[in-house]
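Good morning, and thank you for the time on today's agenda.

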Amino acid sequence: MTPIPQLYIIAAMSENHVIGMQNHLPWHLPDEWEHFKKVTHGKPFLMGRKSFEAPDALHSTYRNVILTSNAPDHPEPSTEYAKDISSALALLSGENEVFILGGATVFREMLPMVQKLYLTIVHAQIEGDAFFPVVDQKDWELTNTEYHGIDDNHIYSFSMNVYVRKTPG
Ligand SMILES: NC(=O)c1ccc[n+]([C@@H]2O[C@H](COP(=O)([O-])OP(=O)(O)OC[C@H]3O[C@@H](n4cnc5c(N)ncnc54)[C@H](OP(=O)(O)O)[C@@H]3O)[C@@H](O)[C@H]2O)c1
């Protein structure tokens, strides 16, 4: 039987929910970036067209599925396009785990469907134009958290959190 993939969001947001500014990440936090690469290594990615095109985007070397209403005629290697979420999930139906990489539109659309959140909280109020949706804490259990303080390479402290959706009942 074809497995139905587990869907995981991975994101980093400030305390005021900012995730981006003019299609860039609004911070430079190398150890958070390393965490992101380690968690997602070798996994398929699902993301919106703007995040895929962002200059600081991380692409999967294995498989990228991009949501867009306007697919190019000649996709890059390891890249497929889907015109809506159900077509994207159909393409990914044979996978065990899929990481949803954003951005704001795709997080908002897909938060209700995901089983796990790898959500880093950057401990700062940041100005931006792209936001992570409100997470209703009663639906989620915090299963892991790792704090990283300010140092020479990180101007903000941050917490790398993992939340698992609570099962109803
Ligand atoms: N901090 C983080 O963790 C993180 C992670 C990722 C991104 N970001 C930030 O998020 C921002 C980008 O977010 P965004 O909301 O502007 O863009 P986005 O979600 O990356 O991409 C939006 C585009 O994806 C396509 N799309 C989305 N949902 C679709 C659907 N259901 N069906 C078909 N196509 C769909 C559309 O493409 P077309 O216009 O081509 O139709 C839409 O314009 C950037 O600032 C980026 O830096 C932050």
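**Strands, core and ligand shell**

Let me begin with a pair of strands: strand S9, residues 140-148, is joined to S10 by eight bridges, and the two run antiparallel. Within this pair, Thr 145 stands opposite Asn 161 in S10. Strands here are DSSP runs of E with at least two residues, helices are runs of H or I with at least four, and both are numbered from the N terminus. Two strands are said to pair if DSSP finds at least two bridges between them.

Before going further, two remarks on the source. This is a predicted model, in which local features need pLDDT of at least 70 and side-chain atom pairs count only at pLDDT 80 or more, while totals for chains, interfaces and linings use all residues. Residues are numbered from 1 along each chain as its sequence is written.

Now the overall picture. The protein has four helices and ten strands, and their order from the N terminus is β-β-α-β-α-β-β-α-β-α-β-β-β-β. The radius of gyration, taken over C-alpha atoms, is compared with a globule rule of 2.2 Å times the number of residues to the power 0.38. For 169 residues a compact globule would have a radius near 15 Å, and the 16 Å of the protein agrees with that. Along the principal axes, the C-alpha atoms fill a box of roughly 45 × 45 × 25 Å.

How many of the residues count as buried? The share is 28% of the 169 residues. A residue is buried if 20 or more other C-beta atoms lie within 10 Å of its own, exposed if 12 or fewer, and partly exposed in between, with C-beta atoms placed from the backbone. Two residues are in contact if their C-beta atoms, placed in that way, lie within 7 Å. Among contacts with a separation of 6 or more, 69% link residues 24 or more positions apart.

Let us turn to strand S1, residues 6-14. Seven of its nine residues are buried, so S1 is largely enclosed by the rest of the structure. S1 pairs with S6 in the parallel sense over four bridges, and Tyr 8 stands opposite Phe 99 in S6. Strand S7, residues 116-122, also runs parallel to S1, joined by seven bridges; there Ile 10 stands opposite Tyr 118. S7 is in turn joined to S10 by seven bridges, this time antiparallel, and the bridge partner of Ile 121 in S10 is Ser 159.

In soluble globular proteins, nonpolar side chains tend to be buried together. A nonpolar core is a set of buried Ala, Val, Leu, Ile, Met, Phe, Trp, Tyr and Cys residues joined through C-beta atoms within 7 Å. The largest one here has 35 residues, and those with the most contacts inside it include Ile 9, Ala 11 and Met 13. S1 gives the most to this core, with six residues. Leaving aside neighbours within four places in sequence, the contacts of Met 13 include Val 18, Leu 119 and Phe 132.

Is Glu 15 buried or exposed? Glu 15 counts as exposed, because 12 C-beta neighbours lie inside 10 Å.

Next, the ligand. The shell around the ligand has 28 residues, of which Gly 20, Gly 48, Ser 51, Gly 102 and Gly 103 come nearest; a residue is near a molecule if its C-beta atom, placed from the backbone, lies within 6 Å of it. H4 gives the most to this shell, with four residues.

Finally, some backbone details. Most residues other than glycine have a negative phi, and most peptide bonds are trans. Gly 102 and Gly 103 are joined by a cis peptide bond, with omega about 0°, and Gly 103 lies in the loop between S6 and H4. Asn 23, which is not a glycine, has a positive phi of about 60°; Asn 23 lies in the loop between S2 and helix H1. Ser 78 also has a positive phi, near 60°, and lies in the loop between S4 and strand S5.
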